[in-house]
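Take a look at the structure below.

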Amino acid sequence: MAATTLLSTVLVLLVTGTLCNRDPIMLTVANGLTQTRHTYSSSVAYNGVLLGAMKQLRMEDSSFNFTTRETQDYGPYLVSVNGLAGSDEDHTYWQLLVDCVNGSSTVAQVGVGCYIPKPNEHIILNFTTY
Ligand code: B12
């Protein structure tokens, strides 16, 4: 009887532990115009989107914040990070990059509301011009 109770307790802990697990990711906020950067650690839910990892980081670290603007076709557009906003007038924006193992980076083909980071992936929010 005691063994059964112990076994079910262990099973419950294992299942809830697995279900609640978040995967670690790294998030760098870079300013390609001034060459400054700061790297944060965050986490993403299983198959969760980057926006979730950014919201998680914002909850855990008050030095990180961002704003988005909802669009009809592509979901949230990343407008500002840590108080710095892109501007149509200056032709600046926050570019979403994914760091590759060989030191190069690729431009994500979807926005923050659709991109699904892989565990331990390094994402770069890069302020730049277009
Ligand atoms: C021009 C353009 C841009 C310009 C927009 C600025 C400007 N004032 O022109 C810039 C260079 C800033 C840009 C950025 C990005 N873009 Co763009 N962009 C386009 C493009 C070539 C044309 C859009 C357009 O002018 N439509 C015509 C106007 C009249 O319609 P509109 O609805 O007003 O257009 C606005 C939106 O499209 C918005 N916008 C542009 N890109 C994106 C991306 C996302 C995720 C969102 C939410 C909104 C958005 O800006 C436009 C101007 O205000 C489209 C491809 C296409 N041929 O449609 C890709 C496209 C919309 N972009 C795309 C992507 C992925 C991005 C980026 C995420 C790239 C990156 N990795 O950084 C970033 C956005 C990052 C962020 N901050 O959230 C994808 C979206 C796919 C998806 N399902 O998410 C598209 C479809 C290209 C593709 N890869 O297939 N983009």
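## A residue in a loop

Histidine 91 is partly exposed, with a relative accessible area of 38%. Histidine 91 sits in the loop between strand 5 (84-85) and strand 6. Its phi is positive, at about 60°, although histidine 91 is not a glycine. Keep in mind that this is a predicted model.

Glutamine 35 also has a phi near 60°, a positive value in a residue other than glycine. Look for glutamine 35 in the loop between strand 1 and strand 2. Glutamine 35 is exposed, with a relative accessible area of 64%.

## The overall fold

How many helices and strands does the protein chain have? There are two helices and eight strands. Along the sequence, they follow the pattern α-β-β-α-β-β-β-β-β-β.

The protein chain has 130 residues, and buried residues make up 33% of them.

## The nonpolar core

In soluble globular proteins, nonpolar side chains tend to be buried together. Here, the largest nonpolar core has 23 residues. Leu50, Met54, Phe64, Ile123 and Leu125 have the most contacts inside this core. Several elements give two or more residues to the core: strand 1 (22-31), strand 2 (36-45), helix 2 (50-60), strand 4, strand 6 and strand 8 (122-129). Which element gives the most? Helix 2 does, with five residues.

Isoleucine 123 shows how such a residue is surrounded. Setting aside residues up to four places away in sequence, isoleucine 123 touches Ile25, Met26, Leu27, Thr28, Leu50, Leu96, Leu97, Val98, Tyr115 and Pro117.

Valine 29 is in strand 1. Is valine 29 buried or exposed? It counts as buried, because its relative accessibility is 9% and the cut-off for buried is under 20%. Not counting residues up to four places away in sequence, valine 29 touches Thr36, Arg37, His38, Tyr40, Phe64, Val81, Asn82, Trp94 and Leu125. Tyrosine 40 is eleven residues from valine 29 in sequence. In space, the two are 8.0 Å apart, C-alpha to C-alpha.

## One salt bridge

Side chains of opposite charge can pair when their charged atoms come close. A search of the whole structure finds one salt bridge. Lysine 118 forms it with glutamate 121. The closest N and O atoms of the pair are 3.6 Å apart.

Glutamate 121 is buried, with a relative accessible area of 11%.

Glutamate 121 lies in the loop between strand 7 (105-107) and strand 8. Its side chain also makes a polar contact of 2.7 Å with the side chain of tyrosine 115. Leaving aside neighbours within four places in sequence, glutamate 121 is in contact with Pro24, Ile25, Met26, Val98, Tyr115 and Ile116.

## Around the ligand

How many residues surround the ligand? There are 17, and the closest are Leu78, Trp94, Leu96, Ala108 and Gln109. The shell divides into eleven nonpolar, five polar and one charged residue.

The table lists the distances.

| Residue | Side-chain atom | Ligand atom | Distance |
|---|---|---|---|
| Aspartate 88 | polar atom | nitrogen | 3.5 Å |
| Glutamine 109 | polar atom | nitrogen | 2.9 Å |
| Tyrosine 130 | N or O atom | nitrogen | 3.2 Å |

Which elements give two or more residues to the shell around the ligand? They are strand 4 (75-81) and strand 6 (92-99).

Methods. Residues numbered from 1 in each chain as written. Predicted model: local features only at pLDDT ≥ 70, side-chain atom pairs only at ≥ 80, totals over all residues. Heavy atoms only, no water. Salt bridge = Lys/Arg side-chain N within 4 Å of Asp/Glu carboxyl O. Buried < 20%, exposed > 50% of the residue type's maximum accessible area, 1.4 Å probe, protein only. Near = heavy atom within 4 Å. Polar contact = N/O pair within 3.5 Å; in protein donor to acceptor, adjacent residues only side chain to side chain. Helix = DSSP H or I, 4+ residues; strand = E, 2+ residues; numbered from the N terminus. Nonpolar A, V, L, I, M, F, W, Y, C, P; charged D, E, K, R; others polar. Core = buried A, V, L, I, M, F, W, Y, C linked by side-chain atoms within 4.5 Å. Contact = heavy atoms within 4.5 Å.
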